[in-house]
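Here is a friendly walk through one model, with the structure shown just below. Keep it open while you read.

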Amino acid sequence: MIDEGLRSELQKQGVYTTTLEELYNWGRANSVWPLTFGLACCAIEMIATSMARYDLARFGAEVFRPSPRQADLMIVAGTVTKKMAPLVVRLYNQMPEPKYVIAMGACAISGGPFKQGYNVLKGIDRYIPVDVSIPGCPPRPEALIHAIMTLQEKILNQKLTGPNRPRHLVEGAPSEFPVPAYGEHDLEPPSNPDVWQPPMVKR
Amino acid sequence: METPEQIKARIEAAVPGAKIEILPNDCPAGERPLLVDPPHALAVAKFLRDDPQLRLDFCSNVTGVDWLDAELTEKVKAKHVVDGVEKEVEEIRKTPRPGFLEVVYHLYSMELKHGPVVLRQLTNGRGDSVSAVSLTPVWRGCEFQEREVFDLFGVRLEGHPDLRRILMWDGFKGHPMRKDYVAPDDFEYEPTPHDEVLEQAKKHYPPEVKA
């Protein structure tokens, strides 16, 4: 690696140096393509974020793709009902690596006001790994922009080698996650133990 | 618009054999519903839609109500002989009432701009295969809402063109809006549990036994 001081000295002289890793992450972070995909009222805020007033295009993430095959980012915007959960997991499985998930709003991260209901999943992190969670009911567009910026930071800091590398570069790491089946009263299994463990209460 | 009594009289004149009952309503709006007997429900509905004075052409809402087995209490005045003197004494009489399910329709007229008229059907008991009559052949807009009543309350609506579950998935067992539906026990830690959630929390996280 080139020394930071030498690098800035060289830049003053008009000589630019970079690494393949930096160039690759810079490109990935500044053209995150989200999946066109909304589940409830949070989707309205997501739409507002992509419109002129908040202008998600400033962060390179305005290209909402209607196909999971072309998307890098899934914004789970809204209540995930148990009937919808298998479809969300299947859409995630169909996205190519490297892929990221933002859980937007109280419902997507925990079930929100419907947590004690019989019909709502208590958070999408039970089945797929979530990179950024945004609390709020619904979160404001600024909060979603902050989540995108947090995700960009995460992408920029992912080294191509070492323990922090993206999942698709890890040998044997899963790219697809099991799709839950409809049971008689609940989804089967109710959560994926490889991805999520119930919270422990310390006494 | 006509009063429920007038509507009842005209229905009974137009649909021979129909038994209409006007039920009381204590709420401030006080629209008294018409209870219709299932065998004549379809004919009554057609009359309400096509009658030139009513023209109830819009069914805005279909819903279900679950009534559990209950005991009705009423005060009755009875005569008793106390110490050789006949006295009138108030008694509380209790009569058991078997549970039943109910389908409620809210009807309006777009043409004459009046309403609502509330139409109710009762089922016989609240077992696994209770039924009422579908009014989708009269009001097309009932279709999805009647499917919802079937899905969540388990009332089979005879004559419905496509009676399937609409909100829960196929293969789901039970009808979640019934009062005796037991939801899956999937409690998770709550920082500030209260009421029913507190009871569940106690069951799942037993309080520490202090020495």
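With a relative accessible area of 22%, B:Arg10 falls in the partly exposed class. Please keep in mind that this is a predicted model. B:Arg10 is joined by a salt bridge to B:Glu2, and their closest N and O atoms are 2.8 Å apart.

## Other salt bridges

How many salt bridges are there over all chains? The count comes to 22. Side chains of opposite charge can pair when their charged atoms come close.

Another pair within chain B is B:Asp162 with B:Arg164, where the closest N and O atoms lie 3.0 Å apart. Both partners have a partly exposed label: B:Asp162 has 26% relative accessibility, and B:Arg164 has 43%. Turning to chain A, A:Glu4, A:Arg7 and A:Glu22 belong to one network, joined by salt bridges that share partners.

## Where the chains meet

The size of an interface is often given as the accessible area lost when the parts come together. For chain B and chain A, the buried area is about 1,900 Å², and carbon and sulfur atoms give 57% of it. In terms of contacts, 21 residues of chain B touch 17 residues of chain A.

Between the two chains the count is one salt bridge. Which residues meet in a salt bridge here? They are B:Lys173 and A:Glu184, with an N to O distance of 3.8 Å. The cut-off for a salt bridge is 4 Å, so the pair at 3.8 Å qualifies. On the chain A side, A:Glu184 sits in the loop between β4 (181-182) and β5 (187-188). Its partner B:Lys173 sits in the loop between β9 (155-158) and α4 (195-204) of chain B. Both ends count as partly exposed, A:Glu184 at 43% relative accessibility and B:Lys173 at 46%.

A:Trp196 is found in the segment after β5 of chain A. Is A:Trp196 buried or exposed? A:Trp196 is buried, since its relative accessible area is 13%, and the cut-off is under 20%.

Setting aside neighbours within four places in sequence, A:Trp196 contacts A:Asp125, A:Arg126, A:Ser191 and B:Glu188. That list includes a residue of chain B, namely B:Glu188. As for A:Ile47, 149 residues away from A:Trp196 along the chain, the two C-alpha atoms are separated by 29 Å.

## A nonpolar patch on chain A

Which residues form a nonpolar patch on the surface? A:Leu23, A:Trp26 and A:Leu156 do, with about 340 Å² of accessible area together. A:Leu23 belongs to helix α2 (residues 20-29) of chain A. With 48% relative accessibility, A:Leu23 counts as partly exposed.

## A helix in chain B

Helix α2 of chain B covers residues 38-50, which is 13 residues. At 1.5 Å a residue the helix should span 18 Å, and its end C-alpha atoms are 19 Å apart, so the two values agree.

The buried residues of this helix are B:Ala41, B:Val44, B:Ala45, B:Phe47 and B:Leu48. What do the buried residues of α2(B) pack against? Their neighbours in chain B are the helix α1 (4-14) together with β1 (20-22), β2 (34-36), β6 (100-109), β7 (114-122) and β8 (130-133).

## Chain A as a whole

Chain A has six helices and five strands. Following the sequence, their order is α-α-α-β-α-β-α-β-α-β-β. The C-alpha trace of chain A spans about 70 × 40 × 40 Å along its principal axes.

Of the 203 residues in chain A, 39% are buried. Among contacts in chain A with a separation of 6 or more, 75% come from residues 24 or more positions apart. The chain exposes about 10,700 Å², and carbon and sulfur atoms supply 58% of that area.

Conventions. Residues numbered from 1 in each chain as written. Chains lettered and ligands numbered in written order. Predicted model: local features only at pLDDT ≥ 70, side-chain atom pairs only at ≥ 80, totals over all residues. Heavy atoms only, no water. Salt bridge = Lys/Arg side-chain N within 4 Å of Asp/Glu carboxyl O. Helix = DSSP H or I, 4+ residues; strand = E, 2+ residues; numbered from the N terminus. Buried < 20%, exposed > 50% of the residue type's maximum accessible area, 1.4 Å probe, protein only. Patch = residues over 30% accessible without salt bridge, like charges linked within 9 Å, V, L, I, M, F, W, Y side chains within 5 Å. Areas by Shrake-Rupley, 256 points an atom, 1.4 Å probe, with all protein chains shown as cover. Contact = heavy atoms within 4.5 Å. Expected span 1.5 Å × (residues − 1). Buried area = accessible area lost by both parts, 1.4 Å probe.
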